Amino acid sequence: MSTTTVATMLSTSTPPRFPFARPAAAEPPAEYARLRATDPVSKVELWDGSHAWLVVKHSDVCSVLTDERLSKQRTRHGFPELDAGGKAAAKNKATFVDMDPPQHMQQRSMVEPFFAPDHIDTMRPHIQNTVDSLLDAMLREGGKKPVDLVEKFSLPVPSYIIYGILGVPFKDLEYLTQCNAIRSNGSATATEAAGANKQLLDYIGNLVDQRLAKPKDDLISKLVVEQGIVTLLQHPDQLNDLKADPSLAKVFVEELCRFHTASAMATRRVAKVNITLRGKAIKAGEGIIASNQSANRDEEVFPDPDTFNMHRIRGSEQALGYGYGSHRCVAEWLARAELEAVFGTLFQKLPNLKLVTPFSEVKYSAPTQNVGITELPIVF
Ligand code: HEM
């Protein structure tokens with residue numbers, strides 16, 4: 001075959017199919033490392049034969065997620081949907097998740113106080129209590145016979161906490177009343193503020209319902225809990241460090257959310273105008289998938305990225321597990337607080353926790369889905 005024919009074939013060849021498959025267990029698809037080295041802004045083919053741009057370097061992902069020439073509106077032509085279900089869901093009434101400025105911030109700011117770090121701090125005792133109660137119930141039942149940790153722990157922790165949020169305790173209502181009053185410049189009457197609270201709670205309820213309406217396995221915090229348990233068992237030295245000093249849970253969770261990107265398909269946009277990224281011309285109406293999973297393993301930002309090391313020296317560089325820019329996860333501090341309580345407590349209460357099966361037999365979600373574990377039999 002002549003060189004020209006090969007070159008023509010290469011230039012006209014169909015882009016690779018996306019999402020890429022994980023090669024095994026929780027390992028990110030191998031294509032990401034190859035593309036970071038050879039073609040960081042490239043085209044991929046989606047389920048319906050349409051094409052989108054795939055961006056894999058940390059700096060480019062940050063630039064995509066802060067570029068106001070790109071849109072999150074899923075109703076725009078060219079927004080990269082990853083399956084037929086996504087395309088159908090895109091027609092639903094949008095929440096702020098899928099809005100652009102200025103509506104995005106107007107609506108996001110209504111729920112933001114509820115998820116703000118200082119408010120989450122007030123919830124820590126409730127979160128800790130939820131974790132303790134679930135583990136105490138497991139201890140009462142005994143751990144000599146195999147127990148499924150997904151069913152008994154990693155699924156109920158985030159679900160109970162979110163339902164706890166929806167059955168909002170009185171002190172939170174008071175807190176929200178204050179927020180509303182402040183928002184309306186102190187002029188709201190008590191009744192108006194109470195009405196606004198009801199709206200606010202309905203709104204949060206809808207948001208959460210939408211996330212829970214997806215298959216159970218998509219509950220993202222659940223995915224992170226499971227990955228964390230398996231990862232610790234695979235790194236006994238770091239597990240011993242954490243057992244000896246549970247305050248390491250914070251740095252452990254930080255590394256966990258870098259190493260295993262539980263929400264690896266959410267950060268997608270569509271170009272509103274023509275733009276150029278790393279010399280590639282992206283036209284208005286073309287979709288962009290900014291891979292936070294790949295960015296979290298970018299060797300230019302995280303040396304030795306495929307090694308799990310909770311003691312890794314970190315500077316100001318940010319891991320992108322919760323996204324970046326104005327759409328960064330509104331519930332990040334809640335998710336982190338849950339995970340910190342889980343990993344600060346689990347191996348204190350169940351120090352002899354062991355998997356029943358070898359690592360090679362752990363049952364993972366389908367290789368093209370977000371990484372999750374379907375069941376995790378343990379003894380303790
Ligand atoms: C460990 C758990 C979680 C991870 C890793 C995670 C990850 C993410 C990521 C990557 C984004 C950015 C999407 C984008 O830029 O397009 C995001 C946004 C969002 N997340 Fe999370 N999330 C988690 C838990 C939660 C929970 C528990 C909730 C709700 C109770 C939640 C609600 C949201 C919302 C509403 C947004 C959209 C924010 C906006 O558009 O302004 N997340 N999340």
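Biologist: Why is Arg-278 called partly exposed in this predicted model?

Modeller: Arg-278 has 14 C-beta neighbours inside 10 Å. Buried needs 20 or more, and exposed needs 12 or fewer. The count of 14 lies in between, so Arg-278 counts as partly exposed.

Biologist: Where does Arg-278 lie?

Modeller: In the loop between strand 6 (275-277) and strand 7 (280-282). Arg-278 also has a positive phi of about 50 degrees, although it is not a glycine.

Biologist: Which phi does Asp-304 have?

Modeller: A positive one, of about 50 degrees, and Asp-304 is not a glycine either. Asp-304 is found in the loop between helix 14 (292-295) and helix 15 (332-349).

Biologist: How do you know whether Asp-304 is buried or exposed?

Modeller: Count the neighbours. Asp-304 has 9 C-beta neighbours inside 10 Å. The cut-off for exposed is 12 or fewer, so Asp-304 counts as exposed.

Biologist: What makes the bond between Phe-18 and Pro-19 cis?

Modeller: Its omega is about 0 degrees. Pro-19 is found in the loop between helix 1 (3-12) and helix 2 (31-38).

Biologist: How do you know that the peptide bond from Pro-101 to Pro-102 is cis?

Modeller: Omega again: here the value is near 0 degrees. Pro-102 is found in the loop between helix 4 (84-89) and helix 5 (103-115). As a rule, most peptide bonds are trans.

Biologist: What makes strand 4 and strand 12 a pair?

Modeller: Two bridges join strand 4 to strand 12 (residues 377-379). Pairing needs at least two bridges, so they pair. The two strands run antiparallel. Asp-148 stands opposite Pro-377 in strand 12.

Biologist: Which residues of the shell are closest to the ligand?

Modeller: Gly-323, His-327, Cys-329, Ala-331 and Ala-335 are the closest, and 25 residues surround the ligand. Helix 10 (190-213), helix 11 (220-234) and helix 15 each supply at least two residues of the shell.

Biologist: How many residues of each class does the shell around the ligand have?

Modeller: The shell has 16 nonpolar, seven polar and two charged residues.

Note on methods:
Residues are numbered from 1 along each chain as its sequence is written. This is a predicted model: local features need pLDDT of at least 70, side-chain atom pairs count only at pLDDT 80 or more; totals for chains, interfaces and linings use all residues. Helices (H or I, at least four residues) and strands (E, at least two) are DSSP runs, numbered from the N terminus. A residue is near a molecule or strand if its C-beta atom, placed from the backbone, lies within 6 Å of it. Ala, Val, Leu, Ile, Met, Phe, Trp, Tyr, Cys and Pro count as nonpolar, Asp, Glu, Lys and Arg as charged, and the others, Gly among them, as polar.
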